[in-house]
Amino acid sequence: MTVVMGIETSCDETGVGLVRDGVLLGQALASSMEEHVRFGGVVPEIAARAHVHAIVPTIRAALDDAHLELSDVGAIAVTTGPGLATALHVGVAAAKALAIAAGIPLYGVHHLAGHAAADTLDHGPLPERSIGLIVSGGHTSLLHVRDLTRTPIEHLSDTLDDAAGEAFDKVARILGLPYPGGPAIDRIAKEGDRTAIRFPRPLSGSGDPALGFSFSGLKTAVARYVEKTPDLDVADTAASFQEAVADVLTSKALRACRDQRVETLVVVGGVAANSRVRGLAQERCDAAGIELRVPRMSLCTDNGAMIAAIGDLLVRDGAKASSLDVTIHPTIELQTAQLF
Ligand code: KG4
Ligand code: ZN
């Protein structure tokens, strides 16, 4: 069986993971998050330079964590998109160098397919059909997933404007909380009352697209509320905003399961680390008799293990390697896990 190394550099995390036959053998992660805090968001050039510094030590650390040598690795998977162009280039260059030096196959993979595959490391193979809710800093999509590797992934809906994670980051900024906003809001919301303010549930009216997402109006509603509330309670506001996001995400995900007659919901991506999204999804899935799969928190946010996981699925499926002139796709939509 082949050990697959996964390399992830699409945003501000340099991640390397090693997976064999669906089992995570080891991983390492370096982050340039601290360097972006004072800018309130990821600065692509800073992220790319940090990847250049971190990539070789992170590869070493992942191998050490798995007690493996480079010569044990039989295939390399790397995120070729979507993501920040200059950041993606660093991982792709490293992956090509390793593939050429070691004479092993290279697989260019879609970052979001990696997010979905992350769950297989915790909960085993996906069922024949599942609904995937991908909620990250750049994407919010409901997907009808079959095998993840061969059959094209069907998009049931994508956000019309901001992604859920982006909304967390922007609202955190409005509330004077640090970047990244998701974890900051999650933390302070624990001290607040989620029923204190009834923020709008976007696209939840009877004439709206049942599975549609939109978060920029919700962000504006929070901004208005903050402007007109002199003695603002940040914890209550954060908790109420978080509740609106969790409510919309989970009710539409459950709706998709019902519509498609699918019995498994898989929630992945950075926002799947959110405690209320996890809690409410569990509550509603239990009530509807739907199996909920959410990976452990550290596999929700960007990491190398998830890229190794999708690479391992492709290798075991007998997928043909990508060519060594594979390049980056900064804005590519998720249709297939492998990118050529
Ligand atoms: O998947 P990810 O690590 O990177 C992208 O591919 O975008 O997601 C990052 C996003 C950020 O917007 C971050 O604020 C959000 O995920 N996030 C959270 C939490 N942890 C990370 N949002 C809400 N609650 C959290 N606990
Ligand atoms: Zn991601």
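**Notebook: the zinc site and the sheet beside it**

I began at His 115, which, leaving out residues up to four places away in sequence, touches Val 268, Gly 269, Gly 270, Cys 300, Thr 301, Asp 302 and Met 306, where contact means heavy atoms within 4.5 Å. I note that this is a predicted model, in which local features need pLDDT of at least 70 and side-chain atom pairs count only at pLDDT 80 or more, while totals for chains, interfaces and linings use all residues. Residues are numbered from 1 along each chain as its sequence is written, chains are lettered from A and ligands numbered from 1 in the order in which they are written, and side-chain values use heavy atoms, with hydrogens and water left out.

**Metal site**

I looked up which atoms hold the zinc ion (ligand 2), and found His 111 (NE2), His 115 (NE2) and Asp 302 (OD) coordinating the ion at 2.0 to 2.1 Å. Donors here are N, O and S atoms within 2.8 Å of the metal (3.2 Å for Na, K and Ca), and because water is not among the atoms, sites may look incomplete. Along the chain the donors follow the spacing H-x3-H-x186-D. His 115 lies in helix H4 (residues 111-123) and Asp 302 in the loop between helix H10 (297-300) and helix H11 (305-316), so this pair ties together parts that are 187 residues apart in sequence. Helices (H or I, at least four residues) and strands (E, at least two) are DSSP runs, numbered from the N terminus.

I then checked the UniProt record, an unreviewed entry, which places the feature "binding site" at His 111, His 115 and Asp 302; such annotations may be inferred rather than shown by experiment. These residues are spread over 192 residues of sequence, yet they cluster in space, with a largest C-alpha distance of 8.8 Å.

**Sheet and helices**

I traced an open sheet of five strands in the order E8-E7-E6-E9-E10, with mixed pairing; two strands pair if DSSP finds at least two bridges between them. Strand E8 (154-158) and strand E10 (291-293) stand at the edges with a single partner strand each, so one side of each is left without a neighbour in the sheet. The twist averages 20° from one strand to the next. Strand E7 (residues 140-145) pairs with E8 in the antiparallel sense over four bridges, and His 144 stands opposite Glu 154 in E8.

Helix H4 lies across strand E6 (130-135), strand E9 (264-268) and E10, running at about 115° to E9, whereas helix H8 (residues 234-260) lies across E6, E7, E8 and E9, at about 155° to E6. Axes are lines fitted to C-alpha atoms, for helices over the stretch in contact, and angles run from 0 to 180 degrees between N-to-C directions.

**Val 326**

Last, I looked at Val 326, found in the loop between H11 and strand E11 (338-339) and counted as buried at 2% relative accessibility. Val 326 and Asp 231 are 95 residues apart in sequence and 55 Å apart in space, C-alpha to C-alpha.

Definitions and conventions:
Buried < 20%, exposed > 50% of the residue type's maximum accessible area, 1.4 Å probe, protein only.
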